[in-house]
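Here are some notes on the packing in this model, as numbered points.

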Amino acid sequence: MEGIKNTSTEEFVSVDLNDFFDKPEEINDQDAEIEALSPHQKEMYDHIISVAKTVDPVKYEVFEERMRDLQKLAESIANFPSLLERHNLSGGERTPQSLIDSLIKHQPEGDITLQLPSKATLGKGFLVAKIHTFSSLYKFAKSIKQPDAVWQELQQETITLMCSLLAEDVYLNLLHDPAIPLEFKQELAMRLLLLWEHRTDQNVSDIAPTLLKIWTARRKLAPAFGTMMGTSELLMLSMQLDDQWTTFMKAKLGDAGVSQAMEEFLFGISHEQILQLKEILRTKGIPAIGRDEVSNFLGVHIKADAGLDYRDFYSLYTVRRDNARVRERMHLPGPHKTIEDYFIQFVMEQEKEKQNNDSFAK
């Protein structure tokens, strides 16, 4: 039995977490393994590889060799102890609940690679290799003039895999947030275990198309580097996206942290650089400048724009993530989370609320 804090009474209500975790008898061998390809991914791969065999036998062999390597990686990772079962390891007994407790209670500053299970670290390398593989398939499909639907699907899968990498960071960031309730952290930690165990996350798959739309729309905008408000850009961005994003914007944009994180995302520069640029333009009496002039005014090279490449997407996210972590650690003003953190947290809260409402309705 595990206690979950009831914030309304400041007492602990006993909840049997075995109802949710640590049920190894319900996990069969297939469920406990990382699959090299999901059924949908295999369908995409089989199609493009059959085309490659005909039009480019050399590429065909390269792709087949890569797939054999991925399969070997998946099999090797599967040999490590499951994170969803109880094990007696050299360091003592490990259960899903002990892992969850450790993730929630022990969040040291700095890099936590050595604090994580081996399966988590190895799986991350496997995921990166898989991302590169699908990116290569996408580029190949586009180069040989495959129908748009074929290469777009491969591109979407690459972004979805990249979002799984991003989600792992987001879950760990949110676990570090003292403002998040214990019950929600339990959910976050369990999602991490499932992500590490299978290297898939259906919730991420559902969110990934929205994140891609946000990134695509942001690239088409021309932020008004003058007022630095971005109001019209934000409106345009929201109009191009789905109801989930619009609901998030309506509910959370009034929060200072969310609006500042959104500003960083839109302008492609840090909160501190935004404030610096505002002051420079105000002092010089300049109403507005172009994106390509930002570096000159700040005196440093700023990569304020980026392509649709998944590496740009993730790279610029990590810059904002690292800046947010420094502000949080040093108690500095500005956003302590990225817009991705805020958005994924909001989606999870909406899902939890819906589950609760559905339970009450029964």
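1. A nonpolar core is here a set of buried Ala, Val, Leu, Ile, Met, Phe, Trp, Tyr and Cys residues joined through side-chain atoms within 4.5 Å; buried means under 20% relative accessible area, exposed over 50% and partly exposed in between (1.4 Å probe, protein chains only). The model is predicted: local features need pLDDT of at least 70, side-chain atom pairs count only at pLDDT 80 or more, and totals for chains, interfaces and linings use all residues. Numbering starts from 1 along each chain as its sequence is written, and side-chain values use heavy atoms, with hydrogens and water left out.

2. The largest nonpolar core has 86 residues. Those with the most contacts inside it are Leu-103, Met-162, Leu-237, Trp-245, Phe-248 and Met-262. Helix H5 (residues 148-175) supplies the largest share of this core, 15 residues; helices are DSSP runs (H or I, at least four residues), numbered from the N terminus.

3. Beyond its neighbours within four places in sequence, Leu-237 has contacts (heavy atoms within 4.5 Å) with Ile-214, Ala-217, Arg-218, Leu-221, Trp-245, Met-262 and Leu-266. Another core, of 10 residues, lies apart from the largest one and includes Ile-269, Leu-277, Ile-289 and Val-294.

4. Which residues of helix H9 (residues 243-252) are buried? They are Trp-245, Phe-248 and Met-249. These cover an arc of only 95° around the axis, which puts them on the same side of H9; the arc is taken from the directions from the helix axis to the C-beta atoms. Exposed Asp-243 and Lys-250 are on the face of H9 turned away from its buried side.

Technical notes:
Helix = DSSP H or I, 4+ residues; strand = E, 2+ residues; numbered from the N terminus.
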